[in-house]
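Here are a few friendly notes to read alongside the picture. Keep the structure open and look for each feature as it comes up.

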Amino acid sequence: EETNTEEKLDFIELLRDLERHRGRRIHYDEITVEARFLGLTKSTINRLLDELEDDHILESVGDGYYRLLD
């Protein structure tokens, strides 16, 4: 549980960095490339994306793009 929370916080920080550098929308491929540097597997990345959508922190905006919710 604690590891998952820490992992989620690190992932949100990564998304915030990508959002700042590339505008409001973040493409899935950019997320996976950067998240691999954190040592995350593709299945973990997908799980975190799903969890953040369920938590209303992130939303899919179509064509493989995501956006952080304010």
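1. Which hand does the crossing of α1 and α2 have? It is right-handed. Please keep in mind, here and below, that this is a predicted model.

2. Let us stay with that helix pair. Two packed helices are described by the angle between their axes and the distance between the axes. Here, helix α1 covers residues 2–22 and helix α2 covers residues 28–37; they pack at an angle of about 125 degrees, and their axes lie 11 Å apart. An angle over 145 degrees would count as roughly antiparallel and one of 65 to 115 as roughly perpendicular, and α1 and α2 are therefore oblique to each other.

3. Now look at the residues where these helices touch. From α1 come Phe11, Leu14, Leu15, Leu18 and Arg22, and they meet Glu30, Ile31, Glu34 and Ala35 of α2.

4. Next, step back to the whole protein. It has three helices and three strands, and along the sequence they follow the pattern α-β-α-α-β-β.

5. The strands come together in an open sheet, in the order β1-β3-β2, with antiparallel pairing. The edges are β1 (26–27) and β2, each of which pairs on one side only. Strands of a sheet pair through backbone hydrogen bonds, either parallel or antiparallel.

6. Take the two pairings in turn. Strand β2 (residues 58–62) and strand β3 (residues 65–68) are antiparallel and share four bridges, while β1 is joined to β3 by two bridges.

7. The remaining helix, α3 (residues 42–54), lies across β2 and β3. Relative to β2, α3 runs at about 105 degrees.

8. Finally, consider the overall dimensions. The C-alpha atoms fill a box of roughly 30 × 25 × 20 Å along the principal axes. A compact globule of 70 residues would have a radius of gyration near 11 Å, and the protein's value of 11 Å agrees with that.

Conventions: Residues are numbered from 1 along each chain as its sequence is written. This is a predicted model: local features need pLDDT of at least 70, side-chain atom pairs count only at pLDDT 80 or more; totals for chains, interfaces and linings use all residues. Side-chain values use heavy atoms; hydrogens and water are left out. Axes are lines fitted to C-alpha atoms, for helices over the stretch in contact, and angles run from 0 to 180 degrees between N-to-C directions. Angles under 35 degrees count as roughly parallel, over 145 as roughly antiparallel, 65 to 115 as roughly perpendicular and the rest as oblique. A crossing is left-handed if the near helix is turned anticlockwise from the far one by less than a right angle, and right-handed if clockwise. Contact means heavy atoms within 4.5 Å. Two strands pair if DSSP finds at least two bridges between them. The radius of gyration is taken over C-alpha atoms; the globule rule is 2.2 Å times the number of residues to the power 0.38.
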